[in-house]
Amino acid sequence: MSKRSLDPKKVSESRTVMTELIMPNDTNPMGNLMGGYLMRWMDIVCAISAGKHTEAHVVTAAVDHISFQNPIKLGDVITLEASVTRAFNTSVEIYVEVFANDVKGQNARRCNHAYFTFVALDDKKRTPVQVPPVLPLSSEEQSLYEGAARRREMRLVLAGRIKPKEATETRKMFADLE
Ligand SMILES: CC(C)(COP(=O)(O)OP(=O)(O)OC[C@H]1O[C@@H](n2cnc3c(N)ncnc32)[C@H](O)[C@@H]1OP(=O)(O)O)[C@@H](O)C(=O)NCCC(=O)NCCS
């Protein structure tokens, strides 16, 4: 069994792209992709990215900010792009964006995005294990990295795992706006 590396990793090292053609079985009676099927693919592409970054088995712990901005039609081609934004102790946040175009490559549009949180587990798939840090390089990667600390606090407050007064990054952001 090879040993996991906890050295910092670049975002590009675990970036994952997945492409799907929308078939009749994927759609609702209006001929649009079912939201639940899209969420399944989002979960899979994010899990693959999280697995690459952590070099571990991962489980989905939380999903945030999922919304459906543009319908995806039967016969469209979708591309899901997943990247790690930040690693914490045993969890990582993955950002996923979904783009669609028709089968001829026309009518390109951005349809959807979300943040997924995964927890890395040991080889027995039971106990959370430490994850390697993320090295954000581009300005977009740095912005996602900084925002991840606030998003984590918000989801832990909403899950009842920390108290609002412990959300120091978020409180600081609101204080800066006053
Ligand atoms: C996710 C899970 C492993 C966490 O277990 P736990 O006993 O709460 O473990 P811990 O308290 O040590 O927390 C582990 C990490 O999970 C994070 N976490 C737990 N609940 C969370 C939530 N609701 N939102 C975001 N992160 C969460 C913690 O913040 C911690 O991350 P950190 O170490 O980076 O700070 C456990 O709840 C689980 O197995 N859930 C089911 C996962 C699953 O089946 N997913 C598929 C959904 S169908």
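Is H65 buried or exposed? In this predicted model, H65 is exposed, because 11 other C-beta atoms lie within 10 Å, and a residue counts as exposed at 12 or fewer. H65 is part of strand 3. The phi angle of H65 is near 55°, a positive value in a residue that is not glycine. Most residues other than glycine have a negative phi.

A positive phi is also found at E55, again near 55° and again in a residue other than glycine. E55 sits in the loop that joins helix 1 (35–54) to strand 3 (57–68). E55 is classed as partly exposed because its C-beta neighbours inside 10 Å number 17, and this class lies between the limits of 12 or fewer for exposed and 20 or more for buried.

The protein chain as a whole contains seven strands and three helices. Read from the N terminus, the order of these elements is β-β-α-β-β-β-β-β-α-α. The radius of gyration of the protein chain is 18 Å, close to the 16 Å given by the globule rule for 178 residues, so the chain is as compact as a globular protein of that length. Along the principal axes, the C-alpha atoms occupy a box of roughly 55 × 45 × 30 Å.

Of the 178 residues in the protein chain, 29% are buried. Among contacts in the protein chain with a separation of 6 or more, 69% are between residues 24 or more positions apart.

Terms used:
Residues numbered from 1 in each chain as written. Predicted model: local features only at pLDDT ≥ 70, side-chain atom pairs only at ≥ 80, totals over all residues. Helix = DSSP H or I, 4+ residues; strand = E, 2+ residues; numbered from the N terminus. Rg over C-alpha atoms; globule rule 2.2 N^0.38 Å. Contact = placed C-beta atoms within 7 Å.
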